[in-house]
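Student: I should like to learn how to read a structure of this kind, feature by feature. May we begin once it is displayed?

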Amino acid sequence: MKLIKKIKYTGELTLLTGLHVGGTNTSLGIGGVDSAIVRNPIDNLPYIPGSTIKGKMRSLLEIKFGYTVDGKPTDDPNNEIGCLFGTSNGSKGGSRSRIIVRDAFLNTEKSKRLENSELYFAESKTENAIDRITVESNPRTIERVPAGAVFDINFILDVYEGDNEEELKKTIDLGIRLIEEDYLGGNGSRGYGQVKINWIEGTPTEVKL
């Protein structure tokens with residue numbers, strides 16, 4: 001396969017509701033949160049792993065196109081999903097992924113008003129689960145990035161000889177719209193993770209090789 005070009009997408013992801021992407025609870029103490037968010041170990045800032053965005057996009061697109069079989073992803077390298085995201089060596093052969101999704105790092109300037117939030121660019125939200133049999137309550141505290149936070153996002157689309165570039169772009173655009181109408185992270189059915197994605201003017205742009 002001959003690589004023809006790379007196309008770069010640059011934009012911003014804004015949280016419309018609080019976002020919870022789970023991390024490790026290594027610093028839990030008495031009165032701490034029960035479910036912490038993922039943070040950069042260097043500067044302690046929240047970020048969104050590229051795998052979270054890419055995985056959600058693929059999952060929603062597979063549902064949209066009806067390619068999920070028995071809960072398993074498609075292994076056809078020739079359909080919209082297999083071509084864009086790649087497939088393992090299944091019954092129809094494997095193919096490499098054509099999309100790279102970078103980790104999305106917090107834009108501290110555009111999120112500056114959240115700097116002094118209770119948990120450093122994060123908030124705690126207490127929820128109360130009720131046991132339907134015993135009617136006992138089970139309160140828990142979840143850490144999440146507040147609404148209004150802005151993350152910088154970067155995608156790279158690899159285009160190989162013989163690829164339909166326009167179809168690949170259309171699939172990415174559809175995936176973004178599906179995420180906006182769904183959610184990122186956990187607890188989406190309870191209102192978490194609603195986002196808005198805006199590409200910077202002039203994107204996507206071709207990267208010279």
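Student: Where is the place of F121 in the chain?

Tutor: Please note at the outset that this is a predicted model. F121 has its place in the loop between β4 and β5.

Student: How should I read the phi angle there, and what is the value near which phi of F121 lies?

Tutor: The general idea is that most residues other than glycine have a negative phi. F121 has a phi near 60°, which is positive although the residue is not glycine. Y120 also has a positive phi, near 60°, and is likewise a residue other than glycine. Y120 is found in the loop between β4 (104-106) and β5 (123-130).

Student: Does Y120 count as buried, partly exposed or exposed, and which of these describes F121?

Tutor: Buried means under 20% relative accessible area. F121 has 3% and is therefore buried. Y120 has 32% relative accessibility, so Y120 counts as partly exposed.

Student: Which residues does a cis peptide bond join?

Tutor: Again the general idea comes first: most peptide bonds are trans. In this model, T203 and P204 are joined by a cis peptide bond, with omega at about 5°. P204 lies in the loop between β8 (195-199) and β9 (205-207).

Student: Turning to the overall fold, how many helices and strands does the chain have?

Tutor: There are three helices and nine strands in the chain. Their order along the sequence reads β-β-α-α-β-β-β-β-β-α-β-β. Of the 209 residues, 43% count as buried. Among contacts with a separation of 6 or more, 68% come from residues 24 or more positions apart.

Student: At what angle do helix α1 and helix α3 pack?

Tutor: A packing is read from the angle and the distance between the axes. Helix α1 (residues 50-65) and helix α3 (residues 165-180) pack at about 100°, and their axes are 9 Å apart. Angles of 65 to 115 degrees count as roughly perpendicular, so α1 is roughly perpendicular to α3. The residues of this contact divide into nine nonpolar, two polar and two charged. On the α1 side they include I53, M57 and L60, and on the α3 side L174, I176 and L178.

Student: With which side chain does the side chain of E143 make a polar contact?

Tutor: The partner is the side chain of R39, at 2.8 Å. E143 belongs to strand β6 (residues 137-144). Its relative accessibility is 6%, so E143 counts as buried.

Student: Finally, where in the chain is confidence lowest, and where is it highest?

Tutor: The general idea is that where pLDDT is low, the predicted coordinates should not be read in detail. Confidence is lowest in β5, at a mean of 77, and highest in β4, at 98. Over residues 27-31 the pLDDT is below 50, and this stretch has two contacts in the model beyond near neighbours in sequence. The chain averages a pLDDT of 88, and 86% of the residues score at least 70.

Technical notes: Residues numbered from 1 in each chain as written. Predicted model: local features only at pLDDT ≥ 70, side-chain atom pairs only at ≥ 80, totals over all residues. Heavy atoms only, no water. Helix = DSSP H or I, 4+ residues; strand = E, 2+ residues; numbered from the N terminus. Buried < 20%, exposed > 50% of the residue type's maximum accessible area, 1.4 Å probe, protein only. Polar contact = N/O pair within 3.5 Å; in protein donor to acceptor, adjacent residues only side chain to side chain. Axes fitted to C-alpha atoms, helices over the stretch in contact; angles between N-to-C directions. Parallel < 35°, antiparallel > 145°, perpendicular 65-115°, else oblique. Contact = heavy atoms within 4.5 Å. Nonpolar A, V, L, I, M, F, W, Y, C, P; charged D, E, K, R; others polar. pLDDT = per-residue confidence, 0-100.
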